[in-house]
Amino acid sequence: MRLGLALPQFGPFADPALIPLVAAEAEALGFESLWAGERVHAPTAPLTPYPSADGRMPELFRRGLDPLLVLTAAATATGRARLGTSTLNAPLHPPIQLARQLAGLDRLSNGRVIAGLGLSWSRDEYDAVGVPWRERGARLDETLDVLEHLFGPDPVEHRGRFWTISPGDFQPKPVQPRLPIYLGGVSPAALRRIGRRADGWLGVPLPPDRLRATLGTLADQARQAGRSPVATALRLNPRIQDERTDLPDVGPVDQLAEYLGRAAELGVADAFVDLQFTARSTEELLELAGRIRAAV
């Protein structure tokens, strides 16, 4: 299994100076991908609950850096690791500007970008950028259309429900002939969209039996669409610190490695860990990253 690491971005790690340091060290440790997420707005009284057991948004998200800024800084500090977003909430962005940013980042990194897109859970974020909440799924679908057109041969053109792009040139293109697009979600509608349109799934650490079933559904959806199976990048947010007093040295890391081993047996080739919920300093984040890299 190829293992990746989420870059410093949120809470006490929202310091641009940390990004090249952690990115370079992560690549030196053998991490094969580096990832950044997105939070546009941190409302005091959210209109929609955070998708967790208690519905509360983590305090970590009240301070954060833009994901494409993070990956740009990481691109200049590394030479091999893939650079992915998990997740960039596509309907919050005009797609032609998003295409320009992704293409530029892919050229800067010499073809290392994975565009991981999704739908924000936060209605406040949609209100903040002036995009109707009820249109989010349709806007994601059309964003995929726009990206496909813009990354294709010139002259480019798009006429859709939300955006019109008159015939013209879009240059420079990404280095990758097909810049990979991964999509998030576990709902039936999301899995159908991924199977029909995406290169990969931004997965979550489901119980092994449910993970197996979800991967099977994705394979069925892709097959019905006449496509090859989609890849998976599994995101894990371990909370090793919570258990440190009981198993200070190996327990939580071993449990994480065991789960990733089972996921690999199911066909998951890529996973990454986000240690910003666990570590209390950059030094501790890198120390934990090294232990995890050695264990997996």
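How many nonpolar, polar and charged residues are there in the lining of the largest pocket? By class, that lining holds 21 nonpolar, 13 polar and 8 charged residues, and it belongs to a predicted model, so everything that follows describes computed geometry.

**The largest pocket**

- The space in the largest pocket comes to about 1300 Å³, and of the 42 residues that line this pocket, Pro51, Thr87, Leu119, Trp121 and Val204 are the closest to its centre.
- At least two lining residues of the largest pocket come from each of strand S5 (113–118), helix H5 (136–150), strand S8, helix H6 (188–197), strand S9 (200–203) and strand S10 (231–236).
- Helix H6 contributes the largest share of this lining, namely 4 residues.

**The second largest pocket**

- A volume of about 240 Å³ is found for the second largest pocket, whose lining consists of Leu144, Leu147, Glu148, Phe151, Pro177, Arg178, Leu179, Ile181, Leu183, Arg197, Ala198 and Asp199.
- Both H5 and S8 supply at least two residues of this lining, and H5 gives the most, with 3 residues.
- Sorted by class, the lining of the second largest pocket has 8 nonpolar and 4 charged residues, with no polar residue.

**Strand pairing around Tyr182**

- Strands S5 and S8 run parallel and are joined by 3 bridges, and within this pairing Gly116 has Tyr182 of S8 as its bridge partner.
- Strand S8 also pairs with S9 in the parallel sense, over 3 bridges, and here Tyr182 stands opposite Gly200 of S9.

**Helix H2 and Pro67**

- Helix H2 spans residues 67–77, and its buried residues are Pro67, Leu68, Val70, Leu71, Ala73, Ala74 and Ala75.
- The elements that cover these buried residues include helix H1 (18–29), strand S2 (33–36), strand S3 (82–85), strand S4 (88–89) and helix H3 (95–108).
- At the start of H2, a side-chain oxygen of Asp66 comes to within 3.0 Å of the backbone nitrogen of Leu68.
- Pro67, which is found in H2, counts as buried because its relative accessible area is 1%, while the cut-off for that class is under 20%.
- Apart from neighbours within four places in sequence, Pro67 has contacts with Gln9, Ala36, Gly37, Glu38, Thr85 and Leu88.
- The C-alpha atoms of Pro67 and Arg100 lie 15 Å from each other, and the two residues are 33 residues apart along the chain.

**Pro180 in its loop**

- Pro180 is placed in the loop between strand S7 (164–168) and strand S8 (181–184), and with a relative accessibility of 13% Pro180 is counted as buried.
- Between the C-alpha atoms of Pro180 and Ser86, which are 94 residues apart along the chain, the separation is 13 Å.

**Backbone features in loops**

- Most residues other than glycine have a negative phi, and most peptide bonds are trans.
- Ser86 and Thr87 are joined by a cis peptide bond with omega about 0 degrees; Thr87 lies in the loop between S3 and S4 and is also one of the residues closest to the centre of the largest pocket.
- A cis peptide bond likewise leads from Asp154 to Pro155, with omega near 0 degrees, and Pro155 is in the loop between H5 and strand S6 (156–159).
- Asn110 is not a glycine, yet has a positive phi of about 60 degrees, and its place is in the loop between H3 and S5.
- Is Asn110 buried or exposed? Asn110 is exposed, because its relative accessible area is 61% and the class begins over 50%.

Definitions and conventions: Residues are numbered from 1 along each chain as its sequence is written. This is a predicted model: local features need pLDDT of at least 70, side-chain atom pairs count only at pLDDT 80 or more; totals for chains, interfaces and linings use all residues. Side-chain values use heavy atoms; hydrogens and water are left out. Buried means under 20% relative accessible area, exposed over 50%, partly exposed in between (1.4 Å probe, protein chains only). Contact means heavy atoms within 4.5 Å. A polar contact is a pair of N or O atoms within 3.5 Å; within protein, one must be able to donate a hydrogen and the other to accept it, and residues adjacent in sequence count only if both atoms are side-chain atoms. On a 1 Å grid over the protein atoms alone, a cavity is a set of points where a 1.4 Å probe fits but cannot get out, and a pocket is an open set with protein on both sides within 12 Å along at least five of seven lines; lining residues have an atom within 4 Å of a point. Grid points are joined across faces, edges and corners, and a volume is the space filled by probe spheres set on the points. Ala, Val, Leu, Ile, Met, Phe, Trp, Tyr, Cys and Pro count as nonpolar, Asp, Glu, Lys and Arg as charged, and the others, Gly among them, as polar. Two strands pair if DSSP finds at least two bridges between them.
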